[in-house]
Amino acid sequence: MHVILLGPPGAGKGTQAVSIAEKAGIPHISTGDMFRTALKHGTPLGLEAKKYMDAGELVPDDVVVAMVRERIQKPDCAKGFLLDGFPRTIVQAEKLDEMLVQAGLTIDRVLNLECSAATVLKRLTGRRVCKACGAIFHVTNMPSKQAGVCDACNGVLYQRDDDKEDTILNRLEVYNRQTAGLIDHYRRRALLTDINADVPREETLAQMMVLIRA
Ligand code: AP5
Ligand code: MG
């Protein structure tokens, strides 16, 4: 099963991907998480990506594509994968197709998480992420049991550098300009289903699991 999650920043891709990956038994591949991990380790890739991420701009296609190409060749992807945050441009979508064709594989589903800009802004300004394990919380929607501490691993929760209001607004602009075109791209190929992500997360997950199990 090869699934792509599309949707604006804050729609809940990362939150839902963790549950879907666990239920479907496939790895969750988040390009944003990969860049943040690289940055945590101070690698050249992480430092290069930071310049773009801090501004809410996209990392150049060739950098992202090379990283994904390497990742999907790992043994845990033999049963499939769930892509979160990739592809994000038409060039990335075309490169993904090339990679899959070379491996004799196809995309099974593209799930398009729809969410209003007002909801996204509230979700992103209140998001907290665990520094150690990456678990996602929200100060009011999904608070941790103890403020500032991860329920899963007791790690410290922090606010992502790109979750400042100005950067969020630019990320939304970049999404509309560079990524939203992928909705029609995949709809034309009859791969895409719209998902209401402006509802409690269990409802969004249920909509998606029906499709993934079909
Ligand atoms: P990335 O990390 O992918 O960020 P993003 O797309 O902006 O998406 P987010 O992670 O902000 O949102 P999400 O949809 O995952 O929401 P979440 O589940 O956390 O990318 C970051 C940067 O990396 C990019 O700007 C770019 O620079 C670079 N990059 C990454 N991939 C790239 C690519 N392919 N090409 C080029 N550059 C790339 O939820 C948000 C909050 O809402 C949380 O607090 C959560 O608890 C809460 N929440 C979630 N669902 C619900 C719900 N149903 N109800 C109430 N609250 C909810
Ligand atoms: Mg995310």
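This is a short exchange on the terms applied to a predicted model.

Trainee: Why are α4 and α5 called roughly parallel to each other?

Mentor: The axes of α4 (residues 61–71) and α5 cross at roughly 25°. Angles under 35 degrees count as roughly parallel, so α4 and α5 are given that term. Their axes come within 10 Å, and the crossing is right-handed.

Trainee: Which residues of α4 and α5 meet?

Mentor: From α4, they are Asp61, Val64, Val65, Val68 and Arg69; from α5, Val91, Gln92, Lys95, Met99 and Gln102. By class, the contact of α4 with α5 has 5 nonpolar, 2 polar and 3 charged residues.

Trainee: What makes α6 oblique to α7?

Mentor: Helix α6 (residues 117–125) and helix α7 (residues 165–179) pack at an angle of about 140°. Roughly antiparallel is kept for angles over 145 degrees and roughly perpendicular for 65 to 115, with the rest counted as oblique. The angle of about 140° therefore makes α6 oblique to α7. The two axes are 11 Å apart.

Trainee: What is the hand of the crossing where α6 passes α7, and which residues make the contact?

Mentor: The crossing is right-handed. On the α6 side the contact is made by Ala117, Val120, Leu121, Leu124 and Thr125, and on the α7 side by Glu165, Ile168, Leu169, Arg171 and Leu172. These divide into 7 nonpolar, 1 polar and 2 charged residues.

Trainee: Arg171 is in that contact. Which residues come nearest to ligand 1?

Mentor: Arg171 is one of them, with Thr15, Glu57, Arg88 and Arg127, out of the 35 residues around ligand 1.

Trainee: How do you know that a backbone atom of Gly14 makes a polar contact with ligand 1?

Mentor: A polar contact needs a pair of N or O atoms within 3.5 Å. A polar backbone atom of Gly14 is 2.9 Å from an oxygen atom of ligand 1, so the pair qualifies. A polar backbone atom of Gly85 is 2.8 Å from a nitrogen atom of the ligand, and for a backbone N or O atom of Arg201 the distance to a ligand nitrogen is 3.2 Å. Both pairs therefore qualify as well.

Trainee: What is noted about the peptide bond from Phe86 to Pro87?

Mentor: That bond is cis, with omega near -5°. Most peptide bonds are trans. Pro87 is in the loop between β3 (81–84) and α5 (90–102).

Terms used. Residues numbered from 1 in each chain as written. Chains lettered and ligands numbered in written order. Predicted model: local features only at pLDDT ≥ 70, side-chain atom pairs only at ≥ 80, totals over all residues. Heavy atoms only, no water. Axes fitted to C-alpha atoms, helices over the stretch in contact; angles between N-to-C directions. Helix = DSSP H or I, 4+ residues; strand = E, 2+ residues; numbered from the N terminus. Left-handed = near helix turned anticlockwise from the far one by under 90°. Contact = heavy atoms within 4.5 Å. Nonpolar A, V, L, I, M, F, W, Y, C, P; charged D, E, K, R; others polar. Near = heavy atom within 4 Å. Polar contact = N/O pair within 3.5 Å; in protein donor to acceptor, adjacent residues only side chain to side chain.
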